[in-house]
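Have the model open beside you as you read.

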Amino acid sequence: MPIAKKAASEQLRRLNGLNFRPMDDVAVTEITDTLAQVANSSDDAAEVVSTWLRENVDYPKPSQLIETARRMIERRKSNGAPGGCSICSYTGHAPVTVAQSDTVLEYVRGVRFCDCALGLWRKQKWQERGAA
Ligand SMILES: [Zn+2]
């Protein structure tokens, strides 16, 4: 479930200080679309961008963002995250249409979780972070 291009664009702004940012808006749009496609939430997009910033000094190519997102998913699996379900496309994040029982707090932060095992696991991790 891709995120809004605006949300992806906001995360990509964090990369503007890196070397070799494309001068051509079409190229930047391509990269924005790629991030929007590989991220299932704003949190995902932020994590992909944070990972890129920690490891690189050059602006990413679309293929590199895809690879960074793939590694993020692998890392979660190795951290003991349970499998997801087809409703959340194995992300743990619920599509908006099935998230009506979420709390106001979750809504405000823009995070919605699936009712499956992965969703509950992610929700717990999210709550632990929020409490810290
Ligand atoms: Zn699910």
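## Starting from A7

Setting aside residues within four places in sequence, A7 makes contact with S42 and A45. This is a predicted model, and A7 is found in helix 1. Is A7 buried or exposed? A7 has 20 C-beta neighbours inside 10 Å, so A7 counts as buried, since the cut-off for a buried residue is 20 or more.

## The chain as a whole

Stepping back, the protein chain holds six helices and zero strands. Read from the N terminus, its elements run α-α-α-α-α-α.

Of the 132 residues in the protein chain, 27% count as buried. Among contacts with a separation of 6 or more, 69% are accounted for by residues 24 or more positions apart.

## Helix 1 and its neighbours

Which residues of helix 1 are buried? They are A7, A8, Q11 and L12. Looking down the axis of helix 1, these buried residues fall within an arc of 140°, so they line one face of the helix. The cover over the buried residues of helix 1 includes helix 2 and helix 3.

Now look at how helix 1 (residues 5-12) meets helix 3: their axes come within 9 Å and cross at roughly 25°. Helix 1 and helix 3 are therefore roughly parallel to each other, as angles under 35 degrees count as roughly parallel. Helix 1 passes helix 3 in a right-handed crossing. On the helix 1 side, the contact is made by A7, A8, Q11 and L12, and on the helix 3 side by S42, A45, A46 and V49.

## Helix 4 up close

Helix 4 covers residues 62-78, which is 17 residues. From its first C-alpha to its last, helix 4 reaches 25 Å, close to the 24 Å expected at 1.5 Å a residue.

The buried residues of helix 4 are L65, T68 and A69. They cover an arc of only 100° around the axis, which puts them on the same side of helix 4. What do these buried residues pack against? Their partners are helix 2 (25-38) and helix 3 (42-55).

Following helix 4 comes G80, which has a positive phi, near 95°.

## Where helix 2 meets helix 4

Helix 2 and helix 4 pack at an angle of about 15°, with their axes 9 Å apart. That angle makes helix 2 roughly parallel to helix 4. The crossing of helix 2 and helix 4 is right-handed.

Which residues make this contact? Helix 2 contributes E30, I31, T34, L35 and V38, while helix 4 contributes P62, L65, I66 and A69.

Notes:
Residues are numbered from 1 along each chain as its sequence is written. This is a predicted model: local features need pLDDT of at least 70, side-chain atom pairs count only at pLDDT 80 or more; totals for chains, interfaces and linings use all residues. Helices (H or I, at least four residues) and strands (E, at least two) are DSSP runs, numbered from the N terminus. The expected span of a helix is 1.5 Å times one less than its number of residues. A residue is buried if 20 or more other C-beta atoms lie within 10 Å of its own, exposed if 12 or fewer, and partly exposed in between; C-beta atoms are placed from the backbone. The arc is that of the directions from the helix axis to the C-beta atoms. Two residues are in contact if their C-beta atoms, placed from the backbone, lie within 7 Å. Axes are lines fitted to C-alpha atoms, for helices over the stretch in contact, and angles run from 0 to 180 degrees between N-to-C directions. Angles under 35 degrees count as roughly parallel, over 145 as roughly antiparallel, 65 to 115 as roughly perpendicular and the rest as oblique. A crossing is left-handed if the near helix is turned anticlockwise from the far one by less than a right angle, and right-handed if clockwise.
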